[in-house]
Amino acid sequence: METSNLLLALVMVIAVSYAFGRGRSISVVAPLGGIKTLNSLPFYHGMLTALWCAIPSLFLTLLWLLFEPKIIETLVISQIIIDGEQVSSDKLSLMLNTVENILAGTLLGIEPSQALIDAAEHLRSLRQTSQMAMTVSTLSLAMMGGLWAMTKISPNYGARVKVEKTFKIVLLACSCIAILTTIGIVLSVLFESLRFFKSIPATDFLFGLQWSPQTAIRADQVGGSGAFGAVPLFAGTMLISFIAMLVAVPVGLMAAIYLSEYASTRFRTYIKPLIEILAGIPTVVYGFFAALTVAPAIREAGSMVGLSPSSESALAAGLVMGVMIIPFVSSLSDDVINAVPQSLRDGSLGLGATRSETIKQVVIPAALPGIVSGVLLAASRAIGETMIVVMAAGLAAKLTANPLESVTTVTVQIVTLLVGDQEFDSPKTLAAFALGLMLFTVTLGLNFIAQHVVKKYREQYD
Amino acid sequence: MTSGKKMSVENPVDHNNSANRVKGSVVDTERFKKRLAQRYRAEQRFRLYGLMSIGFGLLCLVLLFTDIIGKGHSAFFETRVSMDIHFDAEYLQITDVSSEQQLNNANFDGLIKRTWRAQFPDVKSRSDKRLLATISSSGSGYFIRDQLALNPHWLGTQQTLWLLVDDDVDVYYKSRQKGDAYMGRVNEKLASWIESLIAEERMELNFNTTFFTAGDSREPEQAGIRGAMVGSLWTLLITLILSFPIGVAAAIYLEEYAPQNRWTDLIEVNINNLAAVPSIIFGLLGLAIFINFFELPRSVPLVGGLVLTLMTLPTIIISSRAAIKAVPPSIREAALGIGASKMQVVLHHVLPLAMPGMLTGTIIGMAQALGETAPLLMIGMVAFIVDVPGSVTDPAAVLPVQIFLWADSPERAFVEKTSAAIMVLLTFLIVMNTLAVLLRKRLERRW
């Protein structure tokens with residue numbers, strides 16, 4: 001049975017076991033005076049039966065799916081390689097590929113050797129056997145679990161406590177996925193980065209001024225020796241993010257101030273969602289806009305005044321990224337400005353200050369920690385933004401502060417290093433993980449600082 | 001609020017008068033009046049800056065939409081050229097149309113070339129003849145083959161068929177209709193032929209069905225977004241199936257069960273931080289864990305869905321928690337008071353009441369996932385895939401990645417295709433977000 005069908009069958013078995021468990025609990029107490037003599041409601045008895053049916057069998061399926069491919073591959077390999085002959089890993093993976101293709105009937109051109117045809121046949125029979133064994137064992141385990149749970153049903157059996165406990169454990173497990181994700185991120189970028197730092201010293205990476213990651217793939221190939229100094233990437237990222245913040249912070253902040261301090265409720269209810277549409281537009285759309293509309297416009301405008309902006313200028317990417325971040329800054333600032341108590345404003349206005357003076361000298365200082373933390377969060381978003389820069393910024397790593405030149409960023413390099421064919425042990429691909437580590441650390445750091453700023457400097461008014 | 005303004009008008013003046021009485025200086029009054037006017041001007045300026053900021057944001061929005069729609073609306077139409085094709089059984093060497101083999105061996109491309117030559121008998125040189133045949137799309141051979149297979153009685157007869165034109169001709173024809181013909185790769189000779197075809201009313205614009213029914217293609221006129229749409233659907237399905245139950249469960253745990261201890265704090269800190277991690281980092285995680293470690297295949301919706309699940313989980317958890325928090329404690333206490341267990345309180349009372357808020361959060365999370373590109377690039381969902389995926393383990397592209405791929409293509413005709421794909425994506429997002437807003441309005445309860 002195919003895995004998807006098996007899962008479907010399993011679900012049906014579980015549903016049936018729930019019904020049986022529930023029915024049995026009712027029938028057990030029928031002669032004793034109905035379900036009021038049961039310790040737990042029939043629902044809990046059914047649920048417990050279903051759990052006994054589901055958990056072991058699903059666990060088995062999971063293990064099976066995880067380990068089956070590896071075991072079958074080992075068996076097939078042991079058949080291909082007969083007398084302990086030494087085969088390189090490349091050749092082995094090629095052979096396995098050929099075997100797969102024979103099996104799928106997509107091997108074109110070359111005539112495979114008899115040994116490989118045999119191996120394909122072996123692979124097929126192994127898969128069939130494994131599939132069958134999985135079907136039989138999981139379904140029988142499910143039934144056995146269900147039956148065992150049913151035998152335990154009695155009037156005094158405390159099914160409710162057990163079910164509630166399991167429920168709580170499942171909830172806890174779900175909430176722990178967040179921790180697992182963080183651990184997964186840290187481990188995946190950290191391990192690959194450590195491997196990278198084995199071949200390229202960390203100081204070269206962090207302080208080197210030359211970035212040209214093209215390395216020879218084969219030993220006899222002509223190619224760059226590879227230079228992994230990431231400073232130009234950091235500088236490019238900073239430049240583009242800086243331009244973005246230059247657009248987003250004043251515009252976002254002023255928009256938030258107008259919306260929360262001046263605008264009528266009607267204006268606010270219509271305009272605020274409109275501004276927030278900007279945040280909902282996918283970044284790939286902004287990238288397309290930046291590359292095909294904004295960048296050419298900047299180039300034309302530049303050449304009119306006698307400058308020659310690059311067609312992949314940092315300015316285009318930065319401007320569009322700034323527009324993307326406007327609603328982010330404005331909604332975060334809006335929240336903190338609204339949190340400033342009205343009494344502060346009334347006090348200031350009562351002393352004769354104008355609206356704008358009140359805002360500048362009372363409201364903004366009171367809301368400053370929140371605004372700063374919002375700006376930091378926006379900066380972390382700008383640094384981590386990928387698609388706009390991939391589509392509108394350049395690839396060449398240049399160390400420049402001129403916004404009309406083309407620069408590259410950390411995220412652009414991660415994408416270019418990892419998209420396409422890749423080998424997992426070359427410094428070229430591992431460099432992407434080192435860049436990812438930097439990105440993760442910096443954004444996390446900004447995040448922590450933002451939270452700390454709010455915690456430390458926030459004024460408690462109420 | 002006008003009271004603030006009034007107060008600030010009166011106060012400085014009062015102050016001014018009292019100063020006047022004491023010192024009797026006229027200069028001071030003038031100075032204060034000037035200062036007051038200055039302050040009001042500053043007030044007006046400040047207000048204007050605010051309005052300008054909002055105006056700038058709205059302008060960008062309008063600019064973006066008009067730019068995309070202006071570029072993309074023409075992609076919803078395709079140019080077709082009518083050709084009188086004689087299905088010559090002898091030339092095609094077909095005796096039995098139902099035979100797959102004979103259809104496959106027949107030279108339909110040659111038949112189209114022959115038809116072109118018959119239509120333009122003056123064209124003599126070899127290179128011109130080749131150029132002539134490029135007016136119709138390179139996929140036309142397959143098109144008339146399929147048409148013949150559907151209509152077997154056409155064999156041996158002459159039929160007038162509307163064929164797709166090549167992308168360059170398509171761009172020429174569309175721009176010509178707007179008044180400014182864009183030549184591009186269309187040279188003088190080709191343009192004159194096209195003009196004569198137009199004069200004979202052999203060219204027309206139709207609604208572009210190819211765009212919605214075909215998969216990706218290297219030829220712009222044959223490229224469609226069906227494959228990407230189905231790929232997005234599979235990916236979102238996986239994301240929804242995983243992230244909604246897990247997110248809701250985590251939110252219930254944190255709001256209803258979690259004790260106040262370090263472990264709970266750790267979970268909360270993690271969720272908040274994950275919400276701010278750049279999406280590309282999730283792509284690196286997917287590449288290292290799902291593809292390298294678990295050796296799942298690349299470029300499949302299953303892995304894409306897993307990565308997007310991890311990415312959208314924080315959003316869903318945070319909004320679900322807010323929804324649970326909004327359920328007043330009195331409801332829980334009432335349920336507990338009449339003897340419900342903790343699980344019954346949660347499942348029978350809190351969850352149904354919090355469901356609208358949770359659904360809203362989930363739809364917004366799904367909209368986020370639908371527009372996400374960067375993490376999917378990392379797990380290899382950038383492959384050129386023609387086929388429409390049939391399951392979650394078939395290689396697939398998704399809409400935003402398709403947009404990225406087309407935006408990278410050099411052919412001019414892909415610009416309008418990209419913009420049209422963006423329009424489709426934005427339509428989906430707008431529908432989802434409107435749904436979320438409506439849901440919130442309809443089902444939200446005020447306590």
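Student: In what order do the three strands of the open sheet in chain B run?

Tutor: This is a predicted model, in which local features need pLDDT of at least 70, side-chain atom pairs count only at pLDDT 80 or more, and totals for chains, interfaces and linings use all residues. Residues are numbered from 1 along each chain as its sequence is written, with chains lettered from A and ligands numbered from 1 in the order in which they are written. Strands (E, at least two residues) and helices (H or I, at least four) are DSSP runs numbered from the N terminus, and two strands pair if DSSP finds at least two bridges between them. The pairing in this sheet of chain B is antiparallel, and the order is E2-E1-E3.

Student: Are H12(A) and H15(A) roughly parallel or roughly antiparallel?

Tutor: Axes are lines fitted to C-alpha atoms, for helices over the stretch in contact, with angles from 0 to 180 degrees between N-to-C directions. The axes of H12 (residues 355-384) and H15 (residues 427-457) of chain A come within 8 Å and cross at roughly 175°. Angles under 35 degrees count as roughly parallel, over 145 as roughly antiparallel, 65 to 115 as roughly perpendicular and the rest as oblique. Therefore H12(A) and H15(A) are roughly antiparallel.

Student: How many residues of chain A are in contact with chain B?

Tutor: Contact here requires C-beta atoms, placed from the backbone, within 7 Å. With 70 residues of chain B taking part, the number in chain A is 70.

How values were computed: Contact = placed C-beta atoms within 7 Å.
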